[in-house]
Amino acid sequence: MKGNSEESIESARPSNLQAFANISTLHGMSHIFAYGHMTFRRFLWSLSFLGSLSLLMVVCLDRVSYYLEYPHVTKLDEVAAPNLTFPAVTFCNLNEFRFSRITRNDLYHVGELLAILNNNYQIANPHLAEPEVLAALKDKANFQNFKPKLFNMTDFYNRTGHDIGDMLLQCTFRGEDCYPANFTTIYTRYGKCYTFNSGLDGNPLLTTLKGGTGNGLEIMLDIQQDEYLPVWGETDETSYEAGIKVQIHSQDEPPFIDQLGFGVAPGFQTFVSCQQQLLQYLPPPWGDCKSTPIDSEYFSTYSITACRIDCETRYLLENCNCRMVHMPGTSTVCTPEQYKDCADPALDFLVEKDNDYCVCQTPCNMTRYGKELSMVKIPSKASAKYLAKKFNKTEQYIGENILVMDIFFEALNYEKIEQKKAYEIAGLLGDIGGQMGLFIGASVLTILEIFDYLYEVFKDKVLGYFIRKKRPQRCQSDNLSTCDTLRSHSDSLGFTPNMLPRHPTLGNFEEFAC
């Protein structure tokens, strides 16, 4: 009789899970794990809870998947500025070497490279030459009793390249005169070139305070077509065109004018309206820009052009064991024979066909200049005689050789193009938290409740097992009546023990006694 009453009391007590469900803040749990037998109402609550939980999991997986795509958005903003730093302006004459500066020794060494001489040191195509040019060539190509001297390609480029003092006829910046000393010599694949406002000459960078013509750089140049080399074949060192190549770029990046420059023709005044653009890209995994410093012995600041020039230099050193004159470093400069047989073909192949060797990522921060070009004819019929008299040239010479270039900012503002993360961890947690509240009424504290319950169950079931296993049996068969008396006494007092794992069924006094 006594045993039956104890069993009925134990069965009437709620389980640990039922006790937790009744105090949990998780919605629906108290209805699912209600006291008593399974009912249709409890079944509907269970079905609703599982459906809500499934929808929550689907939505959470979708949000996590979207986050792992690392999406980004592009923000475009136009920012007004009180002043803007004027860009570096690099220009090169499309003719690399002045004909009058080429000596007999120069022609002996580079005549075949320039397609002027054949492999027998004879004039290649005399029937294509103008009489004056042919006469000068015959004199320079007379190698009878000639003893060739040492030849240096760097000296050849420097000595025969067009000189800024001869080309620059007029120069103003913001209405003030500028001079050849304001231009820095730099070598590119077009030979000897010049950069205005390079920042490398020790002078501070120039700024502009207004937009429009007259508030930038205006230069008048003589391209000296009478100094152009005769073109009798296709080589990388000669050009079919007449004029200059120009690149507008930041002072932080070297010019890459043979690939990124634009042409300006003689006989025209060319207006170049610029707008500065600041671009900010995101590094992986949101974007693909390069955020690490450049690994180069030639450049300290990373840019696409610096990367390309560094790569081309390494490619020629690996394949030809020399470098071109315009390439950085102190390695041996290629000889004319190496230029013709290895350097020019290798560099052409790298630029045009090899897409794997030089892979240059976009820097995370860069400055670019958008350009709009327009032009007018110069000289007019009214000014031709005046300009011819001013520069002591013929009118035909003025029309064929003089050009004017005007570079200015369109307005005193710049575009800021910035990539931003479209979905960050805060947004992910906010979405998941909102969906948890919507579907199951849970919060962070609810999750802590569940973990707390699991910890107590683990402690009670696993750790408690080992503790009870090691505890000596103090309540033997001879005093079972005492323990039963204590239990029955507790029951007679109407004591209802807490069923959570941290509160065992027996009271403290009963545990101590038994």
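Which helix holds Val462? Keep that in mind; the tour ends there.

**Before you start**

This is a predicted model, in which local features need pLDDT of at least 70, side-chain atom pairs count only at pLDDT 80 or more, and totals for chains, interfaces and linings use all residues. Residues are numbered from 1 along each chain as its sequence is written, and side-chain values use heavy atoms, with hydrogens and water left out.

**Stop 1: the whole chain**

The chain has 17 helices and 14 strands. Both are DSSP runs numbered from the N terminus: helices are H or I with at least four residues, strands are E with at least two. Of the 514 residues, 41% are buried. Buried means under 20% relative accessible area, exposed means over 50%, and partly exposed lies in between (1.4 Å probe, protein chains only).

Contacts come next (heavy atoms within 4.5 Å). Take those between residues at least 6 apart in sequence: 75% of them join residues at least 24 apart.

**Stop 2**

Zoom in on strand 3 (residues 88-93) and strand 10 (residues 244-249). They pair in the antiparallel sense over 6 bridges. Two strands count as paired if DSSP finds at least two bridges between them. Pick Cys92: its bridge partner in strand 10 is Lys245.

Move to strand 6 and strand 7 (residues 191-196). They run antiparallel, joined by 6 bridges. The two strands form a hairpin with 2 residues between them. Pick Tyr187 here; its bridge partner in strand 7 is Lys192.

**Stop 2: Phe183**

Stay in strand 6 and select Phe183. Is Phe183 buried or exposed? It is buried, with a relative accessible area of 7%. Beyond residues up to four places away in sequence, Phe183 touches Phe91, Ile164, Leu168, Cys171, Tyr194, Thr195, Phe196 and Ile219.

**Stop 3: helix 5**

Select helix 5 (residues 104-110) and pick Asn105. Asn105 is buried at 12% relative accessible area. Leaving aside neighbours within four places in sequence, Asn105 is in contact with Phe146, Pro148, Lys149, Leu150 and Phe151.

Now pick Asp106 and Arg159. Their side chains meet in a salt bridge (2.7 Å, N to O). The pair links distant parts of the chain: Arg159 lies in helix 7 (residues 153-160), Asp106 in helix 5, 53 residues apart. Asp106 is buried at 2% relative accessible area, whereas Arg159 is partly exposed at 30%.

**Stop 4: other salt bridges**

How many salt bridges does a search of the whole structure find? It finds 12. A salt bridge needs a side-chain nitrogen of Lys or Arg within 4 Å of a carboxyl oxygen of Asp or Glu.

- Select Arg63 and Asp62: their closest N and O atoms are 3.2 Å apart. Arg63 is partly exposed at 22%, and Asp62 is partly exposed at 43%.
- Select Lys420 and Glu418: their closest N and O atoms are 3.5 Å apart. Lys420 is partly exposed at 34%, but Glu418 counts as buried at 16%.
- Select Arg189, Asp236, Asp344 and Asp348: salt bridges link them in a network.

**Stop 5: the nonpolar patch**

Back to the opening. Val462 is in helix 15 (residues 444-470). Val462 is partly exposed, with a relative accessible area of 33%. With Val462 they make a nonpolar surface patch of about 570 Å². Patches are made of residues with over 30% relative accessible area and no salt bridge: like charges are joined within 9 Å, nonpolar side chains (Val, Leu, Ile, Met, Phe, Trp, Tyr) within 5 Å.

How values were computed. Areas by Shrake-Rupley, 256 points an atom, 1.4 Å probe, with all protein chains shown as cover.
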